[in-house]
Amino acid sequence: MKTPPSTNWAASFRYGFRDCVYPTSVDALCETVARSKNLKVLGSRHSFNAIADGDLAVILSDMPVDPVVEADGASVSVGGHATYGELASFLNERKLAIHNLASLPHISIAGAIATATHGSGDGNGNLATAVSAIEFVAGDGTLVRLKRGDPDFPGAVVHLGALGVITRVTLDVLPEFEVAQGVYEGLSWPALLENFDAIMGACYSVSVFTQWREQAGAIWLKRKAGAYNWAEDMFGAMRSTVKRHPIIGLDPQNSTDQLQQYGRWSDRLPHFKMGFTPSNGEEIQSEFHVPRRFAAAAIEALLGIRERFVPLIQASEFRTVAADDLWLSPQYQRDTLSIHFTWVREQAAVDEAVSHIEEALSAFEALPHWGKVFSLRPIGRLYPKFADFSALRDRLDPQRKFSNQWLETVLSER
Ligand SMILES: Cc1cc2nc3c(=O)[nH]c(=O)nc-3n(C[C@H](O)[C@H](O)[C@H](O)COP(=O)(O)OP(=O)(O)OC[C@H]3O[C@@H](n4cnc5c(N)ncnc54)[C@H](O)[C@@H]3O)c2cc1C
């Protein structure tokens with residue numbers, strides 16, 4: 001046994017682990033699961049709530065990652081605890097890519113798909129949508145393999161860490177591609193709200209960063225290589241001639257390159273570079289996904305109560321995510337606008353602000369990001385396939401070895 005990690009990455013949440021194991025093989029992991037009463041796998045600890053908390057921490061960093069391009073050349077299989085950054089290095093050597101990345105490449109693949117982590121782009125599903133097969137150790141210590149097309153597969157990909165310990169993940173790959181970023185500043189609220197679809201659909205991946213103040217903020221375009229005209233202005237926002245950080249005032253050297261310079265997909269799709277601290281570190285995050293048709297109304301509702309949360313904001317971001325068929329994905333059969341908040345690290349004040357945001361968004365079928373801060377309450381039943389997920393969980397983990405108080409609450413039937 002080793003000392004378990006005491007906090008998440010942002011040091012905003014304190015884990016209650018009593019012990020910690022580092023299995024070195026799948027067989028050792030199966031034995032650990034078979035004989036344990038309660039265990040939780042820790043990924044890269046980038047979640048902001050108690051989703052990863054438990055009694056025994058299982059850390060897979062001593063297990064091999066062993067990425068392999070599958071015989072079909074269209075997919076890669078890799079240890080689930082690999083980070084997207086590690087995977088990208090392997091893919092880049094083979095001139096391959098995956099469709100999208102989150103704001104940072106430092107997160108583990110298994111942890112990211114657990115919570116339906118996403119990037120942006122009208123045509124881009126969240127990161128779990130790239131998964132074509134998954135292998136995990138179920139509650140009885142046996143290895144389960146599911147692939148796209150199997151009836152249980154869409155229930156097991158966005159897994160909340162509640163179904164088993166993921167050992168391997170197979171992901172769709174694409175030929176490598178280049179992306180360039182350009183930032184347009186000084187976007188007004190009327191320009192955003194009146195041209196929302198045109199702005200968010202302007203290219204492969206679009207983010208709008210806002211501080212919720214007088215102006216809406218800045219458009220960040222991530223454009224695939226092609227013959228584009230990087231106009232001087234975009235709906236009244238002017239193209240920046242200097243590099244920016246998503247959090248206004250922070251050193252942009254941690255941010256991926258901008259200024260319309262093309263580079264590898266993996267060096268542009270995230271906002272933050274692999275070798276640097278992403279974001280701020282001293283922070284808390286929340287995010288709410290609303291159906292795309294409610295985008296403008298949801299933003300207007302938040303503008304109406306912004307004095308309740310503006311003082312706590314470091315950065316806020318609008319992204320769009322395409323619909324999918326994964327049972328616990330907030331994009332299940334709905335395109336979404338995802339409204340993200342990076343808060344100052346003041347938990348009680350953030351909890352209060354979040355409750356106001358949830359109230360303002362309650363008319364818009366909002367679902368919280370599974371890995372970020374929201375008001376703890378049963379939300380599983382907001383998902384159309386919740387009963388099927390519960391039945392799958394009953395079969396794979398009847399003793400609730402992978403559960404914790406947080407999961408029991410959010411997945412309760414009430
Ligand atoms: C700076 C920063 C930027 C972020 N940017 C984005 C973003 O752009 N988009 C977005 O959607 N989210 C973003 N997030 C949120 C983050 O992607 C999610 O919280 C994600 O779940 C973190 O993955 P992790 O590996 O750190 O998981 P952890 O927080 O370690 O764990 C999350 C869940 O996954 C489970 N888990 C982890 N590994 C395994 C495994 N091998 N087997 C079974 N279960 C496992 C854990 O038990 C837990 O239930 C960001 C977070 C931070 C801190």
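The lining of the second largest cavity draws at least three residues from each of domain 1 (68-176) and domain 2 (178-368). The domain bounds come from an automatic or database domain assignment. A cavity is defined on a 1 Å grid over the protein atoms alone, as a set of points where a 1.4 Å probe fits but cannot get out; lining residues have an atom within 4 Å of a point. The model is predicted: local features need pLDDT of at least 70, side-chain atom pairs count only at pLDDT 80 or more, and totals for chains, interfaces and linings use all residues. Residues are numbered from 1 along each chain as its sequence is written, and side-chain values use heavy atoms, with hydrogens and water left out.

The volume of this second largest cavity is about 50 Å³. Here a volume is the space filled by probe spheres set on the grid points, which are joined across faces, edges and corners. Its lining includes N100, S120, K222, H271 and R319. By class, three lining residues are nonpolar, seven polar and two charged. Ala, Val, Leu, Ile, Met, Phe, Trp, Tyr, Cys and Pro count as nonpolar, Asp, Glu, Lys and Arg as charged, and the others, Gly among them, as polar. In the whole structure, two cavities of 30 Å³ or more are found.

The C-alpha centres of domain 1 and domain 2 lie 24 Å apart. Their contact (heavy atoms within 4.5 Å) takes 34 residues from domain 1 and 33 residues from domain 2.

Pockets were also located. A pocket is an open set of points with protein on both sides within 12 Å along at least five of seven lines. The second largest pocket holds about 220 Å³. Its lining comprises 16 residues, with A88, N92, S266, D267 and M274 nearest the centre. Helix 2 gives the largest share, five residues. Helices (H or I, at least four residues) and strands (E, at least two) are DSSP runs, numbered from the N terminus. The lining divides into six nonpolar, five polar and five charged residues.

The largest pocket has a volume of about 320 Å³. Of its 21 lining residues, E185, A218, R244, H245 and I248 are the closest to the centre. Strand 11 (178-187), strand 12 (205-210) and strand 13 (217-224) each supply at least two lining residues. Ten residues of this lining are nonpolar, seven polar and four charged.

An open sheet of five strands has the order 4-5-9-7-8, with antiparallel pairing. Two strands pair if DSSP finds at least two bridges between them. Strand 4 (68-69) and strand 8 (143-147) are the edges, each pairing on one side only. Strand 7 (residues 131-137) and strand 9 (residues 165-172) share six bridges. In this pair, A133 stands opposite T170. Helix 2 (residues 84-93) packs on the sheet and touches strand 4, strand 5 (75-79) and strand 9; its direction makes about 140 degrees with that of strand 5. Axes are lines fitted to C-alpha atoms, for helices over the stretch in contact, and angles run from 0 to 180 degrees between N-to-C directions.

Three strands form another open sheet, in the order 1-3-2, with parallel pairing. Its edges are strand 1 (19-21) and strand 2 (39-42). The twist averages 30 degrees from one strand to the next. Strand 1 and strand 3 (residues 56-59) are joined by three bridges. C20 has A57 of strand 3 as its bridge partner.
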